[in-house]
Amino acid sequence: MSDLMLTLAIGAAGGVGAVLRWVIIRWHGVLPFGLFLVNILAGGIAGYIYTHNWTYGAILIASIGLAGGLSTFAGVAKEAFEYYHRGRLAQMSLTLAINILMPILAMRLVMWAL
């Protein structure tokens, strides 16, 4: 696959991930549950990708494109910032902890299961 085609495929997969993120991230309650879900799914996708023998191009498309478009650290920072400025330090701490630990756990669980 040429570099141009690979770049376009990564961009297309990233667009799909970003649209999925937009649909899921709107689930918001006491905590940003949609934000948790997209980052956990991205971690699980990464675990799946790295347990299979895919081509280098497919790994880039799926990890940088799809999982990268699906996950969001900027969203985590925004939510934590908003909780902090409203004086909701417990919600801020939970948001940060869950978004750091759970995607890693999801990745490890998928890698362990496969």
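How many aromatic pairs does a search of the whole structure find? I started my notebook with that one, and the search gives three. A reminder to myself: this is a predicted model.

**Entry 1, the rings.** I looked up Phe33 and Phe36 and found an edge-to-face pair, with 6.1 Å centre to centre and 85° between the planes. The two sit three residues apart in helix H2, so about one helical turn separates them. Phe33 is partly exposed, at a relative accessible area of 30%, while Phe36 is buried, at 7%. Next I checked Tyr48 and Trp54, which also pair edge-to-face, at 5.9 Å centre to centre and 75° between the planes. Tyr48 is partly exposed at 38% relative accessible area, and Trp54 counts as partly exposed at 30%. I also noted a cluster: ring pairs link Trp27, Phe33 and Phe36.

Then I turned to H1 (residues 3-25) and H2 (residues 33-50). Their axes come within 8 Å and cross at roughly 145°, and the crossing is right-handed. On the H1 side I found Arg21, Ile24 and Ile25 making the contact; on the H2 side, Gly34, Leu35, Leu37, Val38 and Leu41. Sorted by class, that contact has six nonpolar residues, one polar and one charged.

How many residues does H1 have? I counted 23, and the helix reaches 32 Å from its first C-alpha to its last, close to the 33 Å expected. Its buried residues are Leu6, Ile10, Ala13, Gly14 and Gly17. I asked myself what covers them, and helix H3 (56-70) is included in the answer.

Note on methods. Residues are numbered from 1 along each chain as its sequence is written. This is a predicted model: local features need pLDDT of at least 70, side-chain atom pairs count only at pLDDT 80 or more; totals for chains, interfaces and linings use all residues. Side-chain values use heavy atoms; hydrogens and water are left out. Axes are lines fitted to C-alpha atoms, for helices over the stretch in contact, and angles run from 0 to 180 degrees between N-to-C directions. Helices (H or I, at least four residues) and strands (E, at least two) are DSSP runs, numbered from the N terminus. A crossing is left-handed if the near helix is turned anticlockwise from the far one by less than a right angle, and right-handed if clockwise. Contact means heavy atoms within 4.5 Å. Ala, Val, Leu, Ile, Met, Phe, Trp, Tyr, Cys and Pro count as nonpolar, Asp, Glu, Lys and Arg as charged, and the others, Gly among them, as polar. The expected span of a helix is 1.5 Å times one less than its number of residues. Buried means under 20% relative accessible area, exposed over 50%, partly exposed in between (1.4 Å probe, protein chains only). Rings of Phe, Tyr and Trp (its six-membered ring) pair if their centres lie within 6.5 Å; planes under 30 degrees apart count as stacked, over 60 as edge-to-face and the rest as tilted.
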